[in-house]
Each structure stands twice: as structure tokens, then as C-alpha cells.
Amino acid sequence: MKEAWRRIEDAKSLTLLTHVNPDADTLGSALGMYHVLKHMGKKVHIFNATRLPYNLDFLPGITKVRDTLQEAECYISFDAGSFDRLGIKNECSPLINIDHHATNTRYGTYNIIDPEAAATAQVVYDFCKANGARIPKESALCLYTALVDDCGFFKYESVDARVFEFAKELCEAGAEPEYVAQMLTMREPLAKLRLIQKVLATLELKINAKVAIVYLTQKMLAETGGTKEMADDALNMARSLATVEVAVLMREEEDGRIKVSLRSKSTVDVGSIAVRFGGGGHKRAAGFTSDLHDFATVVQQVLEVLKGELVAQ
Ligand code: 5GP
Ligand code: MN
């Protein structure tokens with residue numbers, strides 16, 4: 001941490017890298033760091049290769065995010081378990097990799113990874129605090145948003161006393177929990193509900209109803225005007241069924257490839273399953289993209305692996 005911080009102090013310009021299909025943790029962590037660095041007088045760019053989610057438009061600094069990569073004296077990546085998650089071809093050096101995925105491939109010049117942390121935001125906060133940086137109010141808001149989104153509003157296994165301590169410190173630094181909750185969850189477009197209806201209508205139960213599978217096609221997106229991240233709640237609903245241990249979302253990408261999202265309830269480590277398919281993630285939430293263009297074949301492959309995991313239960 002000390003050496004990485006020295007690289008930040010020495011750099012006049014920095015580029016902050018966030019992962020493709022960004023979530024609140026990658027953007028909130030990067031923006032949390034952005035305000036800290038601006039207060040240090042740095043020139044800071046923020047990069048994301050894809051489209052930003054509609055419900056994070058309230059994060060201070062979000063309009064600074066660009067889809068062109070700016071050269072800088074130092075790069076920092078946030079919440080990206082592997083380099084390919086950043087959606088860039090160029091070498092970035094020196095690169096500080098800040099993350100909380102146990103499956104992180106340690107692709108940075110410096111790797112600041114805490115798999116015990118509930119969110120990358122927590123790693124960012126610890127890193128800044130350990131080096132005596134001041135956390136401005138805007139940072140507290142961004143980091144709090146990242147935290148609550150990544151721990152399901154304090155519902156997940158990752159939540160412990162340390163998480164509440166972190167949340168408390170962010171509130172003291174100016175984060176407002178009700179405002180964040182309203183912004184994140186109370187501004188849904190009608191298209192999202194229409195899309196969820198279509199996705200849930202595809203629900204299939206497998207392996208004694210321990211596995212739920214739902215599908216999202218490009219056609220559903222076109223018909224509803226929804227966007228792909230809007231189906232996340234349908235996946236969570238599928239997992240919420242009493243009998244279900246693992247829920248799977250099979251998503252058709254624009255290029256026809258298949259993105260698979262895996263969620264488990266309490267026993268199956270979907271992170272290690274995703275790694276076997278070339279992806280990654282956490283024990284209870286993980287994903288990968290298959291080069292195959294055929295739902296049935298990918299479903300069969302995933303069910304084969306899940307059978308092995310669930311048969312003993
Ligand atoms: P989601 O299913 O919502 O895309 O992602 C769930 C979790 O798995 C996130 O923590 C995300 O970073 C991780 N994840 C999803 N897809 C991939 C992938 O293709 N590669 C890696 N390394 N991680 C992934
Ligand atoms: Mn995260």
C-alpha cells in the first residue's frame with residue numbers, strides 16, 4: 001500500500017479504470033478515489049469502455065467518465081477481477097489493481113486486494129485512510145453507494161461488524177443513507193418492469209427445483225426498451241424461490257455470444273464454477289461469457305457442473 005501510494009503522490013496525472021458493464025462498486029469506488037485525488041491537486045481521468053447504468057447518474061463526478069482511454073503517469077483499476085474486464089487493449093503502467101474478488105488474477109504492478117471486504121469501496125477507503133488522505137463528502141457518498149449495492153443493503157454473507165463500522169464512518173463523512181437508497185431503488189423506468197415480466201416468463205426449474213434458469217434475449221430488450229442490467233432483479237427473484245440454491249441468467253449479447261450470470265443462496269461456490277468457464281466473481285455472485293451462440297448447449301454445460309455440486313445436498 002505504501003509503495004502504491006507513493007506512485008500516486010509522484011504522478012501529476014492519473015487514469016481511473018472501471019470494469020465493463022459497470023456496477024455501483026466499480027464506479028462508486030473510482031469516483032470515491034477521484035474526489036480524493038482532486039483534493040490532492042491531481043489531474044484525473046476516468047475510463048469506462050461501455051454504457052453507464054441509468055440509476056448511478058446521481059454520483060458526483062459521473063459526467064467525467066469517458067469511453068476513450070487517456071494516457072497518464074499512473075493507472076488505478078477498481079473492482080475488476082481480471083485485466084480483460086477493463087475492456088482495453090493497451091498496456092497501462094504502472095497499474096494499481098484495487099479489488100475484493102478472491103478470483104483476482106493479480107494483473108497489476110501493485111495489487112491491493114482484500115477478499116474479505118464486502119465491496120471494493122472498502123478497500124479504497126482503507127487504502128486512503130492508511131495513507132492519511134482526507135475523505136471529502138462527495139467521496140463518502142460514492143463509497144457508501146458502492147458498499148450498499150455490493151452487499152445488498154447489508155443482507156449478504158460479506159456483512160460483518162467491520163462493514164457497519166465502515167458505513168458509520170461514511171455517514172460521519174457526509175453520506176446520506178436514505179438519499180442513496182431512494183436514488184438507487186426508487187427511480188425505476190416502466191421498461192424495467194416490462195422486461196422483468198418477460199424474463200420471469202422464461203423461468204425453468206431443474207435438478208429437483210434447486211436450479212432456476214431465466215433467459216434474456218436481444219428481442220426482449222428491443223420490445224421493452226429496457227437495458228441488460230435491468231434483468232438483475234429478475235435473477236434475484238429466481239434465486240428467492242424457497243427450493244432454489246442456484247439461479248442462472250442466460251443473456252444473449254449484441255454479438256450473439258452468451259453471458260451467464262450465476263447467483264447462489266448459501267452452499268454452492270459459483271465463483272469457482274465461473275472460473276472453470278473462463279470468468280470469475282464471488283461465492284454467491286459470479287459470471288462468465290461463452291463463445292457459443294446457442295443457449296441449450298451452454299445450459300447443458302452449466303447444469304452438468306451444477307449437478308455435481310448439488311447431488312450431494
Ligand atoms: P454479473 O453476473 O452481475 O455480471 O457479475 C457478478 C459478479 O461476477 C461480479 O462480481 C463480477 O465482477 C463477476 N463477473 C461477472 N462476469 C465476469 C467475467 O466474465 N469475468 C470475471 N473475472 N468476473 C466476472
Ligand atoms: Mn464489487
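Visitor: Is Asp-150 buried or exposed?
Guide: In this predicted model, Asp-150 counts as buried, because its relative accessibility is 17% and the cut-off for buried is under 20%.

Visitor: Which protein donors hold the manganese ion (ligand 2)?
Guide: The donors are Asp-25 (OD), Asp-79 (OD), His-100 (NE2) and Asp-150 (OD), at 2.1 to 2.3 Å from the ion.

Visitor: And how are those donor residues spaced in sequence?
Guide: The spacing is D-x53-D-x20-H-x49-D. His-100 and Asp-150 link distant parts of the chain, being 50 residues apart. His-100 sits in the loop between strand S5 (95-99) and strand S6 (110-113), whereas Asp-150 belongs to helix H4 (residues 137-150).

Visitor: What about His-100, buried or exposed?
Guide: His-100 is also classed as buried, with a relative accessibility of 3%.

Visitor: Turning to the sheet, in what order do the six strands run?
Guide: The order is S7-S8-S9-S10-S12-S11, in an open sheet with mixed pairing. Strand S7 (204-206) and strand S11 (280-281) are the edge strands, each pairing on one side only.

Visitor: In which sense do S8 and S9 pair?
Guide: Strand S8 (residues 211-216) and strand S9 (residues 246-252) pair in the parallel sense, over six bridges. Within S9, Val-248 is the bridge partner of Ile-213.

Visitor: Where is Leu-203 placed?
Guide: Leu-203 lies in the loop between helix H7 (190-200) and S7. Leu-203 is partly exposed, at a relative accessible area of 34%.

Methods. Residues are numbered from 1 along each chain as its sequence is written. Chains are lettered from A and ligands numbered from 1 in the order in which they are written. This is a predicted model: local features need pLDDT of at least 70, side-chain atom pairs count only at pLDDT 80 or more; totals for chains, interfaces and linings use all residues. Side-chain values use heavy atoms; hydrogens and water are left out. Donors are N, O and S atoms within 2.8 Å of the metal (3.2 Å for Na, K and Ca); water is not among the atoms, so sites may look incomplete. Helices (H or I, at least four residues) and strands (E, at least two) are DSSP runs, numbered from the N terminus. Buried means under 20% relative accessible area, exposed over 50%, partly exposed in between (1.4 Å probe, protein chains only). Two strands pair if DSSP finds at least two bridges between them.
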